[in-house]
Amino acid sequence: ARVRDVTFAKLMRGMNGNALKIIPPQHAATFEFTAMEQMYFESQKRHKAIGSPSQVKEQLIGLAQKFGANEIIAVTITHDFAVRLRSYELIAESFDL
């Protein structure tokens, strides 16, 4: 989640030009958010599913119920395609797909 937040903060600050470049986790660890950015990203957590496969499954089911959705579309934002693919595999496995 931090990588996504740092990536979007840098985009909002114009640090990436107009390109959405996903940064590696080691770069995200040292990034400092402004107070406004911290408040914004904290407020967005209620719309995200983050954690272990079982935690993500519970959160996705809760979000679907909250919004009355009968399907879920997941988007994983990461700098590495293999990591992104693995996250989708973990979600599928948790739902026995």
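Begin with the contacts across the whole chain (a contact means heavy atoms within 4.5 Å): of those in the protein with a separation of 6 or more, 42% are accounted for by residues 24 or more positions apart. The model is predicted, so local features need pLDDT of at least 70 and side-chain atom pairs count only at pLDDT 80 or more, while totals for chains, interfaces and linings use all residues. Residues are numbered from 1 along each chain as its sequence is written, and side-chain values use heavy atoms, with hydrogens and water left out.

Next, colour the model by secondary structure. The protein has five helices and zero strands, where helices (H or I, at least four residues) and strands (E, at least two) are DSSP runs numbered from the N terminus.

Now select Val-3, Val-6, Ala-9, Ile-23, Ala-28, Phe-31, Phe-33 and Phe-41, the eight residues of the largest nonpolar core. Such a core is a set of buried Ala, Val, Leu, Ile, Met, Phe, Trp, Tyr and Cys residues joined through side-chain atoms within 4.5 Å. Buried means under 20% relative accessible area, exposed over 50%, and partly exposed in between (1.4 Å probe, protein chains only). Helix 1 supplies the largest share of this core, three residues. In soluble globular proteins, nonpolar side chains tend to be buried together.

Keep Phe-33 selected and show its surroundings. Not counting residues up to four places away in sequence, Phe-33 touches Arg-2, Asp-5, Val-6, Ala-9, Arg-13, Gln-38 and Phe-41.

Move to Ala-29, in the loop between helix 2 (25-28) and helix 3 (35-44). Is Ala-29 buried or exposed? Ala-29 is exposed, with a relative accessible area of 55%. The C-alpha atoms of Ala-29 and Val-6 are separated by 9.0 Å, although the two are 23 residues apart along the chain.

Select Thr-78 in the loop between helix 4 and helix 5. Thr-78 counts as buried because its relative accessibility is 9%. Leaving aside neighbours within four places in sequence, Thr-78 is in contact with Ile-22, Val-83 and Arg-84.

Finish at the largest pocket. On a 1 Å grid over the protein atoms alone, a pocket is an open set of points where a 1.4 Å probe fits, with protein on both sides within 12 Å along at least five of seven lines; lining residues have an atom within 4 Å of a point. Of the 27 residues that line the largest pocket, Ala-49, Ile-50, Val-75, Thr-76 and Ile-77 are the closest to its centre. Helix 1 (2-13), helix 4 (53-67) and helix 5 (81-94) each give two or more residues to this lining.
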